[in-house]
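This report describes the structure shown below, from the chain as a whole to selected local features.

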Amino acid sequence: MSVVIKVENISKQYRLGDVGTGALAHDVNKWWHKVRGKENPYLKIGETNDRASKGESDYVWALKDINFEVKQGEVLGIIGRNGAGKSTLLKILSKTTTPTTGSIKIKGRIASLLEVGTGFHPELSGRDNIFLNGAILGMTKREIKSKFDEIVDFAGVERYIDTPVKRYSSGMYVRLAFGVAAHLEPEILIVDEVLAVGDVEFQKKALGKMKDVSEKDGRTVLFVSHNMAAIKNLCSSTIFMEQGKILLFDKTEQVISEYLNNEFKENKLINAEKVTHQDFVFEGAKLLFEGKEINNGTELTFSFHFNFLSNKKYSTVIYFYRNDELAFCAMDSHKPLFKDELIEGNKILSFLVPKYFLNPGKYSIHFALVDFNGNAQQYFYKENILLFDLQDDNFRRGGRYNLGWNGAVSPILKSSMIISNSNDW
């Protein structure tokens with residue numbers, strides 16, 4: 001198959017805290033070097049984009065020396081931690097920003113879904129935005145009309161199709177935006193992590209659609225996600241990025257294995273990555289326990305700190321994943337948070353896991369804040385929010401009858417054995 005995307009030596013540099021260089025002297029200096037055919041003088045002083053360290057320079061490399069090719073009909077996954085450069089790479093491929101150095105060759109039309117509401121005008125209705133997006137993609141009015149009913153049906157927003165999209169929820173936004181991007185037949189479809197905003201039913205539909213456009217229509221898909229199960233199911237090859245560089249580009253299973261090994265090099269028992277939403281601020285998460293070592297004989301408390309800005313009713317779910325990305329357990333609040341009081345303000349949400357429930361192994365926690373009214377709307381979803389390696393305390397609970405447990409959980413249940421006479425059979 002022919003190569004449709006060829007990326008050669010792409011690098012992207014930013015100056016922190018400012019638009020452009022942020023200084024007239026720097027702008028003039030860059031221009032003067034450029035007109036004389038000389039290298040940008042600030043390219044040499046940039047630092048690696050490590051968001052966890054302060055650094056000495058105002059200039060950072062969001063991307064550094066990126067090279068890869070994508071063939072027609074291929075589904076390429078891109079994974080890595082937040083700040084690894086994934087979204088910057090997609091923005092360059094989508095031509096919403098330009099690289100500092102390097103070149104890109106692309107064959108065909110590109111449709112991008114990089115963030116909620118990409119390419120939508122908030123004052124226009126859903127109907128108008130479908131035609132606007134189609135025109136941007138180079139489709140004729142006749143082509144858009146032929147796909148219109150299919151897009152609306154896929155997005156499930158028929159009732160609101162003539163309503164201005166500024167009144168849509170984030171989930172409805174993503175449904176319609178993905179429907180437009182996937183159905184208006186671009187040769188290349190680029191999808192960032194926005195699918196996590198939608199409900200579970202829509203995520204399944206979207207993943208199925210991406211698979212169809214690749215296998216049946218021969219279109220190319222670039223897919224960024226923290227959902228390793230989706231990457232594994234959808235992508236034949238994957239890029240693992242770290243600090244703006246490609247650490248590994250290989251078959252998906254090998255890349256995911258390397259990524260997980262890299263993630264679990266040390267426990268991530270505290271997550272201080274703040275997330276701001278219009279109705280709340282997520283302040284962070286912690287795994288609390290007594291003693292110096294986490295083992296299967298330790299009682300674990302998972303705590304999530306929110307500052308709620310309104311009195312909406314939420315429910316919460318935490319999902320337990322093994323390091324092989326097998327989801328094996330979930331804990332749901334099963335009720336609205338703070339039913340008998342106002343939810344607004346700073347709150348700590350805690351889940352308790354008893355000792356000897358989990359077997360020794362490496363685990364990741366995914367956390368969701370959802371609408372309590374049962375419409376499956378996710379307001380907040382964070383994958384790999386906490387990571388921990390559970391050691392074995394070498395206490396054999398079953399004596400000589402227990403030589404070890406397989407699987408992720410091994411809860412002790414109270415005996416319910418009843419002895420009765422055989423004539424009761």
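## Basis of the description

Helices (H or I, at least four residues) and strands (E, at least two) are DSSP runs, numbered from the N terminus. The model is predicted, so local features need pLDDT of at least 70 and side-chain atom pairs count only at pLDDT 80 or more, while totals for chains, interfaces and linings use all residues. Residues are numbered from 1 along each chain as its sequence is written, and side-chain values use heavy atoms, with hydrogens and water left out.

## The chain as a whole

The protein chain contains eight helices and 19 strands. Of its 425 residues, 44% are buried (under 20% relative accessible area, with a 1.4 Å probe and protein chains only).

## Tyrosine 259

Tyrosine 259 lies in helix 8 (residues 252-263). This residue is buried, its relative accessible area being 2%.

Beyond neighbours within four places in sequence, tyrosine 259 is in contact with Ile79, Gly80, Arg81, His226, Met228, Phe240 and Asn384 (contact means heavy atoms within 4.5 Å).

## Packing of helices 4 and 6

Helix 4 (residues 141-155) packs against helix 6 (residues 200-215) at an angle of about 140°, and their axes are 10 Å apart. Helix 4 contributes Glu150, Asp153 and Phe154 to the contact, and helix 6 contributes Phe202, Lys205, Ala206 and Lys209.

Methods
Axes are lines fitted to C-alpha atoms, for helices over the stretch in contact, and angles run from 0 to 180 degrees between N-to-C directions. Buried means under 20% relative accessible area, exposed over 50%, partly exposed in between (1.4 Å probe, protein chains only).
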